[in-house]
Amino acid sequence: MTDVSSPPPPPTGAPVDLGHLTQAYSASGPPMVEAFGVTKAFGDVIAVSDVSFRIGSGITAILGPNGAGKSTLFRILCGLTPPSKGRVEVLGRDARRDRDVRGRIGLAPQQDAMFDRLSAFEFVEYAALTNGVDSAETRARAALDYVEISADDPKRVGAFSKGMRQRVKLAAALVHDPEILVLDEPLTGLDPVQRSRMIELFNDLAGQDKCLLVSSHVLDEVARLGSNVLVIAQGRLAAAGDYHALRDMMDDRPHRIRIETDQPRRLAAAIIERDLAKGVSVENEEITLDTTDVDRFGRAIAPLAVELTAHLGSVAPLDDDLESVFRYLVEGR
Amino acid sequence: MTSAEIFDRGYRRFEGTRGGRGSAMRSVVWYTTKSILGLGRKARHKVFPVIVAVIAFLPAIIFLGMAILIGDLLEGELRPEYWELFGFSFMAFLVFTTMVAPEAIVRDRRDGMLPLYLSTPLTKVTYLISKGTAVIATMMIIVLGPSLLALVGFTVQGMGPDGFGTWIETLAKLVLAAFTIVVVLGAVALGAASLTDRRAFASVAVVMVLLGLSFFVEVMVNGVDAPETLRLIDPLNLPFEVAPRLFDAKSEPFVEVSTSLVLLGNLGWVVAGVGTLAASYRRLGAV
Amino acid sequence: MSASVSPLRAIGLVHGLLIRQLLTRGRILALLALSVLLGVVSLSVRLSDTLENPLRSSVEIFDVVGFTLVVPIVALVFAGAALGDSREDGTLVYLWLRPMDRWPVVVGAWLAAVSVSLPLTVVPLGISAMIAGVGEGLLMATVLAALVGVLVYSAVFVLLGLLLKNSIIWGIGYILIWEGLIAQFGSALGKAALRGYTRSILANRMDIDLDGFSEVSTASAVAIPIVVTIVALFLAAARLRTMEID
């Protein structure tokens, strides 16, 4: 058991260095956001488990299904909640303790809550003022312009649509020109046109040498956000790197499957004969095999068993967790 | 030729018998009761009901303890009438009332559950009847519990009412008295709570109506010598006066008020509470 | 590029924002209704010709209605909601992830609650005291006691709002069960109830004995709540520093 209050333990795994994958990030420059073996537990539930990475400027997409721990990870990065184990550094500091670094982070949180009684302009101007910006009014107008919302709309943000609120939140997050932008599911609730427009904005910001962390649970969005991806599944870092390379790797990766049957030898022979799998081995009443095309194998195995009058006990993938991440990446579900 | 087709993807339909309105109402009553008492919820939801129950039952337990320890000595002046026990636990009832009504109805509005309930066989009326039933049921535990405990306890000690007929009569009067208190306080609290969709402010509203009017009447009658009939607009103390009237007594503050006025006043408060509740929910429109 | 926000500036910003968030028409009307009751009572005191000791009656009335109900409840509604609402609806992050220290946020929230509560308590109580027409003494005593009461209750309830969900319900529990019931049983317990100090101020200034509650000198009755206020605000700042934000 690690004492949380003592100096953080040395990182357990080597951080995944994503810097070299981002064009805008010079290899000699310092990383902007670093996580060292971050773990967060809520009671018995492990929300984030031993996550390490190092990120430079540009867009990094955090991909994962709902409940994978993306928001928790963002909350830890921004210092909103302390990690149970490990530590994070944003621009070399801890946002939970260091007052000034908080002014260099812009967070658009996932929750919909805003100060509902303010107008969009007041809300964004308030974000500027509380971040110590000098010319708050000018900057607030500029930020709202940037997300294409009228600064003169007297309507309260409480009466705004979801898409407009998302954009006001983004304006408030970037009004003080922070180096780090943490955007939690910024594209949900937007229509396709707004979505494209937002992604343009993100790329624009990334071009200004800012570090953007954008979370999403939709594969298609991530594909358009840029090449840099962290995949989070069940609180763990499941994959990291260039989006296209990851996808290729996953497509080629063989899957190991175990089959229980009363006629293992006959079935195994037939599988090899029809080229459904490689590396087939038989032990007692179990067949273990590797396949690169799970879908084809899945469709073929049952008819094959019927044909051989073999009884199938069970057909189960052995690498279930990675399997689900894989399916997630490829099929977007 | 049609170019589209809807596939049966094999989703299972519910094929059991559907419970209908009665079953829906029973479910609402049961789950509201559980949520008020904190059953099946985290420990911190149980703290408040437990504190209230302790305060409510404490006087009855103390008197029972004394009866067991000193027996007959308790007879006479020291021994409270059964109906007086309601007054001893008065603060517990008040606190419980401020919690129960908001918990029962306000949360559903805040969480957007009300439209879901209304998509079942429930209508606004049957929904509110179910919620009211849950409020009355839970409050009966706290209000009737202590005097029932005292009645049974004293009887076991051989100090209960003489004869079976008297015993049953005492029981019936206690139940009726408790029911009056619960219905009046519950109706007023539900009415006050229906004015807002935030639980915290609903509790404040209940306190303000019950305690505010009660204090107002108290100082008007005691401080400024206003007529005692002004007590009819005190929704907090008025229902408690029904208990002594059932036992052919009058409590000090209400000596000059006739029994029929007391009953009429209580009826008025029930009508006011239910009326406010109905008006609030009618205004909620097509939710 | 942003710089850190000075504490004074931060207090002003939080204060200004929360006043707007707290002041809803419903709350103001409801709480004013409470004060109207007090006005009616005061008017009756004035019109009544059967009172043996109008001054004593008035003091008792203000003690019961003003300092058991109006002051604590008004303070609870606004102070409990000041940071408690932000915390529950998830907007606290917009005050938290900022280059500001923690204590100015707490002080700003407290001042916002006080700014809203004071006019809603001191003014109606003061007007009622004047209506009662029993002399200027009652006016001064009421205003002083209400001022002290609002300051200290607000600080305690700001802290409560950061500590507990449903802080307003626990606050009602405190006012009714602790101050209204348990604190009546002994003087040691009574000293742990804020109400003992407001009513001590009232009783001392008016030179009238009130039942129950051990009384303390006016100086202590002002000094102790101020200490409680400071301690509560300090704890609230510490809590804001260490709590988890949604």
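**Note on a predicted model with chains A, B and C**

1. Chain B has ten helices and zero strands, where helices (H or I, at least four residues) and strands (E, at least two) are DSSP runs numbered from the N terminus. Read along the sequence, the pattern of chain B is accordingly α-α-α-α-α-α-α-α-α-α, and its C-alpha trace spans about 95 × 45 × 35 Å along the principal axes.

2. Residues are numbered from 1 along each chain as its sequence is written, chains are lettered from A and ligands numbered from 1 in the order in which they are written, and side-chain values use heavy atoms, with hydrogens and water left out.

3. Among the contacts in chain B with a separation of 6 or more, 75% are between residues 24 or more positions apart, a contact being heavy atoms within 4.5 Å. Chain B exposes about 14300 Å², and carbon and sulfur atoms supply 64% of that area; accessible areas come from the Shrake-Rupley method with a 1.4 Å probe, and for residues only the protein chains shown count as cover.

4. Chain A, by its secondary structure, comes to ten helices and 14 strands. Of its 333 residues, 50% are buried, and residues 24 or more positions apart account for 69% of the contacts in chain A with a separation of 6 or more. The accessible surface of chain A is about 14700 Å², with 50% of it belonging to carbon and sulfur atoms.

5. Where chain A meets chain C, 37 residues of chain A are in contact with 32 residues of chain C. The two chains bury about 3200 Å² between them, 53% of it on carbon and sulfur atoms; A:R102, A:F115 and A:R117 supply 22% of the area that chain A buries against chain C, more than any other three residues. Buried area here is the accessible area (1.4 Å probe) that two parts lose on being put together, summed over both.

6. The contact between chain C and chain B takes 33 residues from chain C and 27 residues from chain B. About 2700 Å² is buried between these chains, 83% of it on carbon and sulfur atoms, and C:I169, C:W170 and C:L176 supply 21% of the area that chain C buries against chain B, more than any other three residues.

7. Grid points are joined across faces, edges and corners, and a volume is the space filled by probe spheres set on the points.

8. The second largest pocket holds about 810 Å³ of space. Its lining has 30 residues, of which B:T196, B:R198, B:F201, C:T24 and C:R27 lie nearest the centre. Two or more residues of the lining come from each of α8 (199–223) of chain B and α1 (7–22), α2 (25–47) and α3 (54–89) of chain C, and α3(C) gives the largest share, six residues.

9. The count comes to six cavities of 30 Å³ or more. The largest cavity holds about 50 Å³ and is lined by A:G106, A:L107, A:P109, A:A173, C:V93, C:Y94, C:L97 and C:R98, with β6 (105–108) of chain A and α4 (93–96) of chain C being the elements that give two or more residues.

10. The second largest cavity has a volume of about 40 Å³, and its lining consists of A:F115, A:F123, A:Y126, A:A127, A:A172, C:Y94 and C:R98. Helix α2 (residues 120–130) of chain A gives the largest share of that lining, three residues.

11. Finally, C:R9 lies in helix α1 of chain C and is partly exposed, with a relative accessible area of 42%. C:R9 and C:S42 are 33 residues apart in sequence and 42 Å apart in space, C-alpha to C-alpha.

How values were computed. Predicted model: local features only at pLDDT ≥ 70, side-chain atom pairs only at ≥ 80, totals over all residues. Buried < 20%, exposed > 50% of the residue type's maximum accessible area, 1.4 Å probe, protein only. 1 Å grid on protein atoms, 1.4 Å probe; cavity = no way out; pocket = protein on both sides within 12 Å on 5 of 7 lines; lining within 4 Å.
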